[in-house]
Amino acid sequence: MRKPVLNQQRALAVVAGLALVISLLPARLARLVSGYPRHLLAATLAPADHVLKPLADSLRRPPDLPVDLGNREEYERATQQIFELQYKLSQANQRIAELSQIRNTFRLTGVGLLSATVTAWSANPSHPTLTVNRGSTHGLRTGLVVVRGFSLVGTITDAGPVTATVGLITATKNHLVVRIKPPASDSQPRQLTIQAHTAKTRDCFWASIGQDDPVQEGDLAHLNDDTWPPQARGFVVGTVTKIEKHPDDPILRRRLTITPIRSLAHLDAVTVIVPASPPDADLPHSETDQQIPTTRP
Amino acid sequence: MRWPVFGIVAYVWLFLEEGTRTLLAIGQITPSFLLILMVFIGLWAPPLTAAWAAIILGLMTDLTTPIQPANYPADVALIGPACLGYLVGVYVTIQLRMMVFRDSPLAVGVLVFLAGMFAQLVIVAVLTMRGLPWLTAQPVQGWSAADQLVHRFLVLLYTAALTIPMGYLLLRLQWMFGFAPGTGKGPSYPHTRR
């Protein structure tokens with residue numbers, strides 16, 4: 001009697017070979033293969049994670065770093081006004097659309113803000129990510145900027161139908177150009193543009209500066225990187241928490257440590273900045289920093 | 001083995017792993033619950049069943065740990081590295097399971113460390129292979145095999161330590177999986193016992 005061509009051992013060998021081939025595919029093809037199962041699994045896990053992660057965070061959460069951004073009351077009032085104006089704008093737009101009935105399409109030319117709840121954190125050292133409970137059905141797409149209050153969190157690196165992955169700013173690839181400025185309470189006019197590198201611990205950045213560069217502990221690092229979307233410019237990457245002698249050149253240089261204001265692993269909610277046009281179609285940005293954040297911290 | 005029970009436990013384990021990550025993290029070191037489940041299955045299930053279960057657990061791991069390829073705008077959940085790694089890991093477990101007291105959570109912990117080392121070596125090797133110049137795959141952005149090995153070694157130490165309570169829990173739940181008593185040759189519930 002002949003043995004069947006496909007038995008369990010052979011099937012296992014085929015699957016193992018297939019796994020090896022898929023793992024060596026170019027990113028575009030590998031993404032095609034894994035896209036649907038990844039989003040399906042993420043969508044299945046999201047409701048459960050939505051319950052457990054806040055519980056875990058409430059048990060163990062590092063405190064936010066103190067930061068001085070000026071008059072907090074005024075800032076909150078301004079933020080509230082922005083929300084109210086946005087609401088009024090959307091109502092006005094609806095009325096225009098109803099009354100005119102001539103336009104078939106209506107495009108919001110401003111920037112939309114979409115709140116999303118963080119359902120998971122991945123500690124992958126080469127690519128730390130957050131998973132949020134909003135996806136392509138809510139308008140998210142790859143490349144959108146994600147913030148929390150005035151802090152920059154990262155960009156969307158993958159958007160499934162109901163979940164999306166946020167690549168954090170502390171990922172290895174990030175060498176951010178930041179502008180160091182004093183906090184609002186410091187009246188000294190000083191600023192410095194430097195390149196910040198991700199530390200090996202993946203929870204902060206470091207940068208080299210000269211001995212005479214005007215930087216103090218407590219200064220804020222604002223994003224000023226041309227490679228990032230224009231909407232991200234001006235958001236706070238972190239605060240200068242440590243200035244020490246540079247180990248390689250202790251006489252001429254100093255080494256800064258820039259720590260994100262909030263622990264990115266413990267965020268419970270984030271805001272996605274959704275431009276009306278695709279990120280690639282954005283106009284070139286101006287040099288002006290966006291000093292006033294658009295959401296509540 | 002009862003596959004529905006395996007599916008439910010694997011889902012709960014993955015959900016616990018994701019949900020408690022921030023609670024259990026020591027710096028960037030977080031335990032891998034699925035690795036514990038893989039070793040537990042490898043200890044008790046028939047070899048082929050254990051191999052299929054390892055591939056499924058590896059697939060779940062791959063799908064929840066995306067990588068960032070170099071010069072590519074999005075991240076990718078790369079199917080394969082953990083599937084292969086867990087397959088090798090479960091093979092090591094099957095080879096060693098006759099030498100340990102399978103009822104002991106401590107033994108499960110030791111095996112998690114040993115099998116996990118092989119699994120992580122394979123995962124790092126496969127991901128490092130993506131950087132070879134004669135392959136069409138993009139390397140992983142900022143990939144350092146040495147850094148990864150150190151990180152994964154610490155993850156294994158933490159996971160092995162956590163195996164003692166979790167292994168105890170799994171051993172308490174062992175009757176639900178329907179493993180054949182002692183032999184690992186098939187289900188143990190009466191109507192299918194050989």
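These legends describe close-up views of a predicted model.

**View 1. The interface between chain B and chain A.**
Chain B gives 53 residues to the contact, and chain A gives 52 residues. About 4,600 Å² is buried between the two chains, and carbon and sulfur atoms give 66% of that area. B:Thr22, B:Gln28 and B:Trp52 supply 15% of the area that chain B buries against chain A, more than any other three residues. The size of an interface is often given as the accessible area lost when the parts come together.

**View 2. Polar contacts and the chain B side of the interface.**
Between chain B and chain A, 12 residue pairs are in polar contact, both residues at pLDDT 80 or more. On chain B, the elements that give two or more residues to the side touching chain A are helix H1 (3–19), helix H2 (21–24), helix H4 (47–64), helix H5 (81–96), helix H6 (105–129) and helix H7 (145–172). H4(B) gives the most to this side, with 7 residues. By class, the side of chain B that touches chain A has 33 nonpolar, 15 polar and 5 charged residues.

**View 3. The salt bridge across the interface.**
The interface of chain B and chain A holds 1 salt bridge. Its side chains are those of B:Asp75 and A:Arg38, at 3.3 Å, N to O. Over all chains, the whole structure has 8 salt bridges.

The side chains of A:Glu244 and A:Arg255 meet in a salt bridge, at 3.9 Å, N to O. This pair links distant parts of the chain, 11 residues apart: A:Glu244 is in strand S10 (residues 236–245) and A:Arg255 is in strand S11 (residues 253–259). A:Glu244 counts as partly exposed, because its relative accessibility is 29%. A:Arg255 is partly exposed too, with a relative accessible area of 23%.

**View 4. The salt bridge of A:Asp249 and A:Arg253.**
In this pair the side chains meet at 3.7 Å, N to O. A:Asp249 has a relative accessible area of 22%, so this residue is partly exposed. A:Arg253, at 31% relative accessibility, also counts as partly exposed.

**View 5. A buried salt-bridge pair in chain B, and a network.**
B:Glu17 forms a salt bridge with B:Arg21, and the closest N and O atoms are 3.5 Å apart. Both B:Glu17 and B:Arg21 are buried. Elsewhere, salt bridges that share partners join A:Arg31, A:Arg38, A:Asp158 and B:Asp75 into one network.

A:Thr170 sits in the loop between strand S5 (164–168) and strand S6 (175–181) of chain A. This residue is buried, because its relative accessible area is 2%, and the cut-off for buried is under 20%. Beyond its neighbours within four places in sequence, A:Thr170 contacts A:Pro128, A:Thr198, A:Arg202, A:Asp203, A:Cys204, A:Phe205 and A:Leu264.

B:Cys83 counts as buried at 6% relative accessibility.

**View 6. The backbone at B:Asn71.**
B:Asn71 lies in the loop between H4 and H5 of chain B. This residue is not a glycine, yet its phi is positive, at about 55 degrees. Most residues other than glycine have a negative phi. B:Asn71 is exposed, because its relative accessible area is 76%, and the cut-off for exposed is over 50%.

Note on methods. Residues numbered from 1 in each chain as written. Chains lettered and ligands numbered in written order. Predicted model: local features only at pLDDT ≥ 70, side-chain atom pairs only at ≥ 80, totals over all residues. Heavy atoms only, no water. Buried < 20%, exposed > 50% of the residue type's maximum accessible area, 1.4 Å probe, protein only. Helix = DSSP H or I, 4+ residues; strand = E, 2+ residues; numbered from the N terminus. Contact = heavy atoms within 4.5 Å. Buried area = accessible area lost by both parts, 1.4 Å probe. Salt bridge = Lys/Arg side-chain N within 4 Å of Asp/Glu carboxyl O. Polar contact = N/O pair within 3.5 Å; in protein donor to acceptor, adjacent residues only side chain to side chain. Nonpolar A, V, L, I, M, F, W, Y, C, P; charged D, E, K, R; others polar.
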